[in-house]
Amino acid sequence: MMRMRTLTQFFGFFFLRTCALFVVLILALLLGHIWQKGSGSLSWEFLSAAPRQGMTAGGIFPAILGTLCVTCIAAVLGMPLGIGCAIYLNEYAADTALTRVIRISIRNLSGVPSIVYGLFGVVLFVQLFKFGTSILSAGCTLGLMTLPWTITASEEALKNVPMAYREGALALGATKWQAIRTNVLPYALGGMITGTILSLSRVAGETAPILFTGAAFFLPELPKSVFDQFMALPYHLYIMSTQHHAVAKVRPLAYGTALVLIGLILALNLAAIILRARLRTMKKE
Amino acid sequence: MHDVKIKVSNFSLSYGDVPAIKNVTMSIKANRITGIIGPSGCGKSTFLRALNRMNDLILGVRTSGTILIDSEDILQKNVDVVHLRRRVGMVFQKSNPFPKTIFENVAYGLRIGGIKDKAYIEQKVEKSLQAAALWDEVKDRLHKSAFELSGGQQQRLCIARALAVEPEILLMDEPASALDPLATLKIEELIHELKKKYTIVIVTHNMQQAARISDFTAFFMLGELIEYDVANIMFTKPRKKITEDYITGRFG
Ligand SMILES: Nc1ncnc2c1ncn2[C@@H]1O[C@H](COP(=O)(O)OP(=O)(O)O)[C@@H](O)[C@H]1O
Ligand SMILES: [Mg+2]
């Protein structure tokens with residue numbers, strides 16, 4: 001009897017551990033593969049120069065710059081909007097049928113395909129707001145895409161602030177907004193920022209939303225303002241691996257681009273992880 | 001006789017359709033300690049939170065009757081609850097220091113009240129901590145986190161924090177229920193000291209404590225005020241059988 005149970009347990013753990021290891025293995029293979037093929041093209045020139053000779057030589061600096069720009073704009077739009085929405089939902093809105101619908105809609109937004117966001121961005125930012133196909137339009141489209149994740153993470157962060165902080169402040173004669181501003185937001189902000197960074201890292205690598213809203217195949221010059229078109233890492237990678245006239249020849253460059261994009265996203269994730277760990281130790285103190 | 005500070009008349013409160021306080025009428029005297037006792041769930045906290053309108057935060061709470069504080073009905077819709085809560089301070093059952101320094105905890109009420117004068121705030125913090133009998137224990141670490149204090153100290157910090165905004169009335173909801181006997185004793189001594197300046201309403205489930213510290217005692221059951229009298233009389237010659245049963249511990 002006893003032995004049977006020990007055996008079942010052994011195989012149970014074995015199975016679960018294999019699943020977990022399998023995931024790690026896939027990630028390691030993926031990264032290893034890209035590193036092996038792409039690390040050769042990494043150089044200072046690759047990071048700091050523009051593509052030359054029909055994109056068969058030179059670097060990817062314009063694409064790095066473009067991706068950084070649209071990500072920044074996405075942050076500038078998505079962070080206040082998402083955090084504001086979360087504060088409203090969690091602190092002000094009563095739990096009514098309407099707010100439940102809002103909440104469900106937000107969750108579902110994260111399931112909308114990114115190409116649909118792209119089309120929406122064309123209609124809203126490019127045409128209606130007349131931003132044109134530009135860094136601004138693409139950045140705003142990505143900003144919208146971050147919203148569901150930012151809102152959900154921010155709401156979670158607000159829920160983690162004990163009710164007693166709000167009550168304590170109100171009992172001392174704070175207005176509702178004072179209580180939130182001085183005794184809730186400071187303790188939720190870290191979680192909110194972490195959530196925002198993570199959602200930015202998700203959209204930074206997206207191609208579809210920027211495809212029609214501002215990303216360009218190739219630009220001889222760097223953009224001069226947010227109303228110019230731009231090159232971006234994910235789109236550049238797509239071109240280099242499928243649309244280029246000499247796909248085989250530029251393959252190492254494509255892998256190099258992939259490596260830079262992954263590095264950028266990992267850096268964002270790392271920043272979020274460090275921030276979260278920092279906050280956790282602060283909370284313990 | 002002492003002045004009446006709070007006059008509750010035919011006061012009822014329900015959470016949605018569930019009544020929690022039923023037609024309570026009582027007068028609470030100024031500069032006296034009024035103890036509220038009763039079995040768990042009888043509405044002690046609800047009643048206390050009605051006195052500074054903290055129940056406003058809960059959806060679907062309905063009230064009727066009047067609660068006059070210095071002859072102003074605080075249940076009226078147009079009452080400025082922010083102002084009311086500055087006059088009627090509250091100490092919660094579970095001490096809830098904010099994750100700030102000891103100093104900032106006490107200064108909090110002043111700062112949100114718009115006071116900027118640093119010297120005034122410093123002086124007020126010191127006075128409040130002294131009034132809460134905590135000053136000597138914390139004066140060398142005012143700028144350390146409030147979480148470093150012991151449970152009893154944290155509760156006295158919350159009292160100091162409430163005192164800093166100069167309330168007239170202090171509501172306390174089982175302020176010592178989570179503390180060890182020594183810390184409890186300190187809080188009781190403190191409360192006794194505070195009645196010189198404040199009108200105190202304190203909820204306690206501890207009969208001995210109610211007998212020790214309260215001047216008047218109100219016994220609640222199932223949302224009703226069963227008996228309300230001078231504490232001495234209440235604990236020696238209760239008028240009702242049910243009160244006697246409760247205070248002698250014949251039911252919980
Ligand atoms: N927020 C609330 N929503 C609904 N019912 C509540 C709420 N708070 C308390 N009650 C109910 O009101 C009654 C009185 O509760 P309470 O005032 O907390 O009692 P006590 O402090 O005497 O233990 C209880 O039956 C309790 O279940
Ligand atoms: Mg209670």
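**Note on a predicted model with chains A and B**

1. At 65% relative accessibility, B:Ser71 counts as exposed, because the cut-off for exposed is over 50%. This is a predicted model. B:Ser71 sits in a loop of chain B, between strand S4 (61-69) and strand S5 (72-73). Its phi is positive, near 65 degrees, and the residue is not a glycine. Most residues other than glycine have a negative phi.

2. Where does B:Ala133 lie? It lies in the loop between H4 and helix H5 (135-138) of chain B.

3. Helix H4 of chain B spans residues 118-131 and contains B:Gln123. B:Gln123 is partly exposed, at a relative accessible area of 42%. Along the chain, B:Gln123 and B:Asp3 are 120 residues apart.

4. Next, a helix pair in chain B. Two packed helices are described by the angle between their axes and the distance between the axes. Helix H3 (residues 102-112) and helix H6 (residues 151-164) of chain B have axes that come within 7 Å. The axes cross at roughly 30 degrees. H3(B) and H6(B) are therefore roughly parallel to each other, since angles under 35 degrees count that way. The crossing of H3(B) past H6(B) is right-handed.

5. Which residues make the contact between H3(B) and H6(B)? From H3(B) come B:Ile102, B:Asn105, B:Val106 and B:Leu110. They meet B:Leu157, B:Ala160, B:Arg161 and B:Ala164 in H6(B). By class, the contact has six nonpolar residues, one polar and one charged. An α-helix has 3.6 residues a turn, so residues three or four places apart point the same way.

6. Now chain A as a whole. Chain A has twelve helices and two strands. Read from the N terminus, the order of elements is α-α-β-β-α-α-α-α-α-α-α-α-α-α. The C-alpha atoms fill a box of roughly 70 × 70 × 35 Å along the principal axes. Of the 285 residues in chain A, 42% count as buried.

7. Contacts and surface of chain A come next. Take contacts between residues at least 6 apart in sequence: 73% of them join residues at least 24 apart. The accessible surface of chain A is about 15,300 Å². Carbon and sulfur atoms account for 72% of that surface.

8. One residue of chain A shows such contacts up close. A:Thr67 is placed in helix H3 (residues 61-92) of chain A. A:Thr67 is buried, with a relative accessible area of 1%. What is A:Thr67 in contact with, leaving aside its neighbours within four places in sequence? The partners are A:Ala204, A:Met231, A:Ala232, A:Leu233, A:Pro234 and A:Leu264.

9. Helix H7 of chain A (residues 163-171) is mostly covered. How many of its nine residues are buried? Seven are. The buried residues run A:Tyr165, A:Arg166, A:Glu167, A:Gly168, A:Ala169, A:Leu170 and A:Ala171. Just after H7(A), A:Gly173 takes a positive phi of about 90 degrees.

Conventions: Residues numbered from 1 in each chain as written. Chains lettered and ligands numbered in written order. Predicted model: local features only at pLDDT ≥ 70, side-chain atom pairs only at ≥ 80, totals over all residues. Heavy atoms only, no water. Helix = DSSP H or I, 4+ residues; strand = E, 2+ residues; numbered from the N terminus. Buried < 20%, exposed > 50% of the residue type's maximum accessible area, 1.4 Å probe, protein only. Contact = heavy atoms within 4.5 Å. Axes fitted to C-alpha atoms, helices over the stretch in contact; angles between N-to-C directions. Parallel < 35°, antiparallel > 145°, perpendicular 65-115°, else oblique. Left-handed = near helix turned anticlockwise from the far one by under 90°. Nonpolar A, V, L, I, M, F, W, Y, C, P; charged D, E, K, R; others polar. Areas by Shrake-Rupley, 256 points an atom, 1.4 Å probe, with all protein chains shown as cover.
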